[in-house]
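Please look over the sequence and the structure shown here before reading on.

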Amino acid sequence: MSTDNASYPSPAPQPLRRRQWLQWAGVATLGAALPGCAPLGPRQPHTPSPRQLRLLGESRIPYRHPFQDTTVGGLSGLDYHPGTGQWIAISDDRSDRQAARFYTLNLDVSAQGLGDPQLLRSTPLLAANGLPYPGRQHSAAPGQPQPDIPDPEAIRYRAGTGTLLWTSEGDVRLGLSPALREISLDGRHLRDFTLPDMLRVGSDPARGPRKNQCFEGLALTPNESHAWVAMEGPLLQDGPEPRVGQVGGPVRLTRFDLRSGRADRQIAYVPDALPHQPIPPGAPADNGLSEILMLNAHEMLVLERAYMSGVGLSLALYRIDTRQASDTLNQATLQAGRFEPARKTLVADFSQLGISRLDNTEGMCWGPTLPNGHRTLVFVSDDNFNPLQITQFLAFEYLDPSLT
């Protein structure tokens, strides 16, 4: 999720979303209300599972690090280019001063640990007209056609075509739908994918995506024939947001055929209830999907991230089999009993992994294979350009239980 440049209103006509609260809290230095603190206790009781992640190391990029006329931050998506050994990280910065962009960097991941990130270049994302996307200062008045102002969230490298896929969350307030796009490695726009109607922002205020809960996760199948895109939260017509002790509506994960550019399947996933009550009660709190990643042709890792004001962040990684959920692509509204959501198995509760601090983790990808044949799994956090948050890389050895 990207940072909204909004100050804290008093009184608030609408409950503040997490990113708005974080930005205001960063100015007010409400340290206890911010992520980046020591990990919370266990997320919630779960069936014990074999230990599947072994921490290799942590590293960071300093706050507001300057690089090639940009300010590094807001890293919300990450992927690894095995051919070059380099990494690609997309920034969800939508400020009026800097173009939407992704970074290329070196990051040494090995059985001995995790090195410091070394930035190599910044590449602007270009619109279909060949120019950088406009910033929010170019938004039109209500009722007028809006320019395409992106909110980048996820990125994946396609080895077979030497191109990149990336998602934009859009902007419900401006009437901008989310998007899945393909670009060249130098940022040139190649194509947009066709969205199912239920994922578009429309005129009905009771239907469609919620504000700041659109395309957040992106996964590429191993044969690169399909890409899965995950909403962060439920569509308005599919149910409420989760609360303490109560799950919310199902979240849709949509599969796109990369040849046709159209969706060909969709499944539903139910995130956990909020693991802790925010402080004070009624303050912003949410739980949703922040990233997805294919384990193989059909199984997927799903990262859930919960934020509770005054408490902090909680992260949990799950494993699902996409074949074990019913197809919801032709269901405009998800009603209980008329679909089968994905069944999930806990892979890791991040509070139990020995991490020094948890933050707003949004990027997840496979890294290089270790000498013992195990894969590495690497994460990055989005600091929201907030001085009390961090841009944190985490590297793990993935201990696949199916191979033991």
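**An open sheet, a nonpolar core and one buried glutamate**

In this predicted model, four strands form an open sheet in the order E10-E11-E12-E13, and their pairing is antiparallel. The edges of this sheet are strand E10 (152-158) and strand E13 (189-192), each of which pairs on one side only, while the twist from one strand to the next averages 25°.

**Pairing of E12 and E13**
- Strand E12 (residues 179-184) runs antiparallel to E13, and the two are joined by 3 bridges.
- Within this pairing, Glu-182 has Arg-191 in E13 as its bridge partner.

**The largest nonpolar core**
- The largest nonpolar core has 35 residues, of which Leu-165, Trp-228, Leu-253, Tyr-269, Leu-289, Ile-292 and Met-300 touch the most other members.
- At least two residues of this core come from each of several strands, including strand E14 (215-220), strand E16 (251-257), strand E18 (285-294) and strand E20 (312-321).
- Strand E15 contributes the most to this core, giving 5 residues.

**Glu-291**
- Glu-291 is located in strand E18, and it counts as buried because its relative accessibility is 0%, where the cut-off for buried is under 20%.
- The side chain of Glu-291 reaches the backbone nitrogen of Leu-218 at 2.8 Å.
- Leaving aside residues up to four places away in sequence, Glu-291 touches a set of residues, among them Ala-154, Arg-156, Glu-216, Gly-217, Leu-218, Val-302, Glu-362 and Met-364.

Methods. Residues are numbered from 1 along each chain as its sequence is written. This is a predicted model: local features need pLDDT of at least 70, side-chain atom pairs count only at pLDDT 80 or more; totals for chains, interfaces and linings use all residues. Side-chain values use heavy atoms; hydrogens and water are left out. A nonpolar core is a set of buried Ala, Val, Leu, Ile, Met, Phe, Trp, Tyr and Cys residues joined through side-chain atoms within 4.5 Å. Buried means under 20% relative accessible area, exposed over 50%, partly exposed in between (1.4 Å probe, protein chains only). Two strands pair if DSSP finds at least two bridges between them. Axes are lines fitted to C-alpha atoms, for helices over the stretch in contact, and angles run from 0 to 180 degrees between N-to-C directions. A polar contact is a pair of N or O atoms within 3.5 Å; within protein, one must be able to donate a hydrogen and the other to accept it, and residues adjacent in sequence count only if both atoms are side-chain atoms. Contact means heavy atoms within 4.5 Å.
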